[in-house]
Amino acid sequence: MPGELATEAEDEALVARAKAGDMKAYDLLVTRHRGRIYAMIRNMVKNETDAWDLSQEVFIKAWQALSRFEAKARFTTWLYRIAHNAVYDFTRRRRPEGGDEINDEVFARDRIDPAAVATPTESRSPDDALAGDELRGKIEAALAKLSPEHREAVILKDVQGLAYKEIADVMECSLGTVMSRLFYARQKLQTLLKDEYDSR
Amino acid sequence: MNTTPDEERLALWVEDELDATSQAAVDAWAATQPEWLERREVARQMKALLGASLPAAEEPPYAEFFNARIAREIEREAAMAEPVTPAAAEPVSPMVRPSGKTWRWFLPATAVAGMVLCFWAGTRITPPAVTLAAPAPLVPATTPVLYTPEKGVKADYFASASADAMVIVLDGVAAIPDSFEVPDTASTGGGPGASTADIDPPTR
């Protein structure tokens, strides 16, 4: 798609500048990609505070490894791969009782100053917002019942819209494995979200 | 198409990722394959449901702070990675290096003597008498910048060196209701708090 190509070309130019030490260019890259990375990680770990920290970790690691980045893959795909590793490392090192020293209420939308510089926007009507939030809650609960591998495959495909080959790159597995994970993940989700399916 | 398409082609067909020609060829094969047709339908429905409910991109809270913190961390790491100055890196000549072996045996004795001296000094010092009358007014020291996340809340900071105390007054915070109970995660003596990060360890 022309839009995607233009975005990729802009990313490449920014990456080249960032590799030369231009921090402003890297800051722009962070701004361009933070939304997708944060959304992907948030869907994986289901905790805004952890997702915020892990997203930061992704961009710091990306900066450290930027000199090794080759334009064979899209910059976005490369970031997703770093995010994949960060999430799995987090899972391994996470304490059994969870590390929620910071209360998630810190990020509650209704407690954020409306005059803050980066205030989340809400453009839906209250009814739509309520219904949407309820559906989102059900979907998140269903996703939580999947294994991490199945959850990640379905998030990368059906939410983030990555191509099969990109998912295989990110998850470091074969196309056949991606196919199998997606098939079983969707089957289980279909069962868990039967009511939502039937109402459509 | 009479022969079964290979696995990769089928996977791409299920996801509608094939070009028009290949798509048509697999469509012809799949016309007699209800299982594959259903699999593609499930994929399409799931994509529509999840795509409409979960955002592909979501700005992290405090987005500008998010960027600033990354920049600060990168700068900090860059500063740490800078090479040390030649003077600092210059190795100590073996000729002037103190003989570690000789002094090593004196260290424990010196430490014990130091502790005894400190203990003795502590027993000799008497605290100054506390005067209850006319306590010194709290004088704001170097006033730090106080950040309040809620609009309308005013924060004042007072510190007194003589009283060894500091006070932060929050004006405009709603009263805490009597029914409020401190959650488990904030209590000190309770068990471990419940985790909201819900991801299982990978089974690899």
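1. K46(A) sits in the loop that joins helix 2 to helix 3 of chain A. Helices here are DSSP runs of H or I with at least four residues, strands are DSSP runs of E with at least two, and both are numbered from the N terminus. The phi of K46(A) is near 60 degrees, a positive value in a residue other than glycine. K46(A) counts as partly exposed because it has 19 C-beta neighbours inside 10 Å. A residue is called buried with 20 or more other C-beta atoms within 10 Å of its own, exposed with 12 or fewer, and partly exposed in between, the C-beta atoms being placed from the backbone.

2. This is a predicted model, in which local features need pLDDT of at least 70 and side-chain atom pairs count only at pLDDT 80 or more, while totals for chains, interfaces and linings use all residues. Residues are numbered from 1 along each chain as its sequence is written, and chains are lettered from A and ligands numbered from 1 in the order in which they are written. For the complex, the predictor gives an ipTM of 0.75 and a pTM of 0.61.

3. Chain A has nine helices and zero strands. Of its 200 residues, 36% are buried. Among contacts in chain A between residues at least 6 apart in sequence, 64% join residues at least 24 apart. A contact means that the C-beta atoms of two residues, placed from the backbone, lie within 7 Å.

4. V45(A) belongs to helix 2 (residues 23–45) of chain A. V45(A) is classed as buried because 23 C-beta neighbours fall inside 10 Å.

5. How do helix 3 (residues 48–65) and helix 4 (residues 75–93) of chain A cross? Their axes come within 9 Å and cross at roughly 130 degrees. Axes are lines fitted to C-alpha atoms, for helices over the stretch in contact, and angles run from 0 to 180 degrees between N-to-C directions. Helix 3 of chain A and helix 4 of chain A are therefore oblique to each other. Angles under 35 degrees count as roughly parallel, over 145 as roughly antiparallel, 65 to 115 as roughly perpendicular, and the rest as oblique. The residues in contact include L54(A) and V58(A) from helix 3 of chain A, and I82(A) and F90(A) from helix 4 of chain A.

6. Helix 6 (residues 148–159) of chain A packs against helix 8 of chain A at an angle of about 95 degrees, with the axes 8 Å apart. Helix 6 of chain A and helix 8 of chain A are therefore roughly perpendicular to each other. Among the residues making this contact are H150(A) and V154(A) of helix 6 of chain A, with L182(A) and Y184(A) of helix 8 of chain A.

7. E172(A) is in the loop between helix 7 and helix 8 of chain A. Its phi is near 50 degrees, a positive value in a residue other than glycine. E172(A) is exposed, because 10 other C-beta atoms lie within 10 Å.

8. In helix 1 (residues 7–14) of chain B, the buried residues are L10(B), A11(B), L12(B), W13(B) and V14(B). They pack against helix 7 (164–171) and helix 8 (175–192) of chain A, and also against helix 2 (20–30) and helix 3 (34–53) of chain B.

9. Strand 1 (residues 154–160) of chain B pairs with strand 2 of chain B in the antiparallel sense over seven bridges. Strands pair if DSSP finds at least two bridges between them. A159(B) has M166(B) in strand 2 of chain B as its bridge partner. The two strands form a hairpin with four residues between them, and D164(B) in the turn has a positive phi of about 50 degrees. Strand 2 (residues 165–171) of chain B lies largely in the open, because the number buried among its seven residues is zero.

10. Chain B has a mean pLDDT of 75, with 67% of its residues at 70 or more. pLDDT is the predictor's confidence in each residue, from 0 to 100. In chain B, the lowest confidence is in helix 5 (residues 86–89), at a mean of 46, and the highest is in helix 2, at 92. Across residues 86–99 of chain B the pLDDT is below 50, and this stretch has three contacts in the model beyond near neighbours in sequence. Residues 189–204 of chain B also stay under 50, and the model has 36 contacts for them beyond four places in sequence. Where pLDDT is low, the predicted coordinates should not be read in detail.
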